[in-house]
Amino acid sequence: MKGVVLFGIVILGFAGFLGSAQADLKLGFYGQSCPKAEKIVFDYVKEHIPNAPSLAAALIRMHFHDCFVRGCDASVLLNSTSSNQAEKDAPPNLTLRGFDFVDRVKSVVEAECPGIVSCADILTLVARDSIVVTGGPFWNVPTGRRDGLISNASEAIANIPRPTNNFTTLQTLFANKGLDLVDLVLLSGAHTIGVSHCSSFSNRLYNFTGVGDADPSLDSEYAANLRARKCTTPNDTTTLVEMDPGSFRTFDLSYYTLLLKRRGLFESDAALTTNSGTKAFITQLVQGPLSAFFAEFAKSMEKMGRIEVLTGTEGEVRKQCPFRN
C-alpha cells in the first residue's frame with residue numbers, strides 16, 4: 001500500500017475500499033436515457049432551496065449518512081417495515097431532514113423519465129446542487145448509481161460517525177470507507193453551515209466525566225455562553241445551535257477558525273485538533289484562500305460519492321425512494 005505525505009499527513013492508498021464498481025460511474029450517465037435529468041434536479045433545487053436554505057446542510061448530511069452505510073445507494077431513504085428497522089429509524093438518523101424534498105425531486109424526474117434515474121443519484125445530485133445554490137463549492141457528480149435493496153438500522157449505528165467520537169474512532173470509521181485524514185478534515189468542513197440539537201454536545205457543557213464538569217478542551221467562555229443562552233438545561237432536546245455562529249449560512253472557513261480557538265461544538269470537531277497532522281492541515285486551510293478549500297472539498301465530496309456504489313445490474317432503480325420496487 002503506497003503512501004504520500006500531504007499537509008504533513010501520511011495518506012495511504014485506500015482506493016481499493018471504494019469498490020471496483022466506481023469505474024462504472026461516469027459524468028452524464030443519463031445523457032441518452034434521460035438527457036434533461038440533471039437540469040430538472042438543479043432547476044428544482046434552485047427554485048426551492050433559497051426559500052429554505054437550512055435544507056442545504058440537511059441534504060449534504062443525509063448524503064454523508066447514506067454513503068457511510070452500504071455505500072451511496074439511497075438505503076437511508078428506505079422506510080422500515082413490520083419485519084425490519086431501516087437506517088432512517090436508527091438513532092444517528094432520527095434528526096435527518098429532507099426526505100420529502102428528495103421524494104418531490106424524484107417525482108418530477110419520474111414524470112420526465114419513468115424508472116431511469118436512481119434515488120441514489122438524485123440524492124447525490126441534490127446534495128451538490130443545494131450547496132451550490134446557497135453559495136458553496138461545486139463538485140463533479142459522476143452518475144450511474146443503482147439503489148440498494150437492504151437497509152438496516154444496526155448498520156447505521158455501527159458505521160456513521162458520531163458527535164462524541166474521538167480522533168482514533170473517526171480515523172477508523174473513515175478508513176473503513178476508503179477515506180483518509182484529509183477527507184476527514186475537509187468533509188467535517190460542511191459543519192460551516194450546520195446546526196445541532198443541544199443533546200449532541202450537552203455532556204461537554206454539564207457532565208463531561210460524570211461529576212458535573214465541562215469538557216476542558218472546550219473554550220470556557222464559549223461553554224459558559226452556550227449554557228447561559230442556548231442549552232440552559234442538561235436535558236434540552238429541542239433547541240438548535242449554530243455550529244458556525246455568526247456565519248452558519250455561509251460556506252466559508254470560519255468553522256476551521258473556530259476549531260483553532262477551541263470552539264468546535266462537537267467532541268468530534270475538537271478531535272480534529274488533537275492530531276498534529278490534521279491540526280496543521282486546518283491551519284493551512286485557514287491561512288489559505290477560500291478557493292483552495294473549495295477545490296479540496298470538491299475532491300473529497302466526489303470521492304465520498306463513489307463509496308461502495310452499486311452499478312450495472314446491481315440493486316435496482318426504485319420508482320419511489322422510500323420503497324423497494
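**A tour by selection**

Begin by selecting Glu 110 and Lys 106, whose side chains meet in a salt bridge at 2.9 Å, N to O; a salt bridge here is a side-chain nitrogen of Lys or Arg within 4 Å of a carboxyl oxygen of Asp or Glu. Before going further, note that this is a predicted model, in which local features need pLDDT of at least 70 and side-chain atom pairs count only at pLDDT 80 or more, while totals for chains, interfaces and linings use all residues. Residues are numbered from 1 along each chain as its sequence is written, and side-chain values use heavy atoms, with hydrogens and water left out.

Both Glu 110 and Lys 106 belong to helix H3 (residues 99-112), where four residues, about one turn of the helix, separate them; helices are DSSP runs of H or I with at least four residues, numbered from the N terminus. Glu 110 and Lys 106 are both buried, where buried means under 20% relative accessible area, exposed over 50% and partly exposed in between, with a 1.4 Å probe and protein chains only.

Next, select Glu 308 and Lys 177, a salt bridge in which the closest N and O atoms are 3.3 Å apart. Glu 308 lies in the segment after helix H13 (290-304) and Lys 177 in the loop between helix H6 (167-175) and helix H7 (181-188), so this pair ties together parts that are 131 residues apart in sequence. Glu 308 counts as partly exposed, at 26% relative accessibility, whereas Lys 177 counts as buried, at 7%.

Stay in the segment after H13, which also holds Arg 306, a buried residue with a relative accessible area of 18%. From Arg 306 to Gly 178 the C-alpha to C-alpha distance is 9.8 Å, although the two are 128 residues apart in sequence.

For another salt bridge, select Asp 215 and Arg 204, whose side chains meet at 2.9 Å, N to O. Asp 215 sits in the loop between helix H8 (202-206) and helix H9 (220-229), while Arg 204 is in helix H8, 11 residues apart, and both are buried. Asp 180, Asp 183 and Lys 303 can then be selected together, as they are linked in a network of salt bridges; the count of salt bridges comes to 12.

Now turn to the nonpolar side chains. Which residues have the most contacts inside the largest nonpolar core? They are Leu 77, Phe 101, Tyr 256 and Phe 293, in a core of 71 residues, a nonpolar core being a set of buried Ala, Val, Leu, Ile, Met, Phe, Trp, Tyr and Cys residues joined through side-chain atoms within 4.5 Å. Helix H2 (residues 54-67) supplies the largest share of this core, nine residues. Apart from this core lies another, of 13 residues, among them Phe 201, Leu 218, Leu 226 and Val 241.

Colour H2 and H13 next: their axes, lines fitted to C-alpha atoms over the stretch in contact, come within 10 Å and cross at roughly 45 degrees. In H2, Ile 60, His 63, Phe 64 and Cys 67 meet Phe 297, Met 301 and Met 304 of H13, a contact being heavy atoms within 4.5 Å.

Finish at helix H4 (residues 119-133), which is mostly covered, with 13 of its 15 residues buried. After H4 comes Gly 135, whose phi is positive, near 95 degrees.

Methods. Helices (H or I, at least four residues) and strands (E, at least two) are DSSP runs, numbered from the N terminus. Axes are lines fitted to C-alpha atoms, for helices over the stretch in contact, and angles run from 0 to 180 degrees between N-to-C directions.
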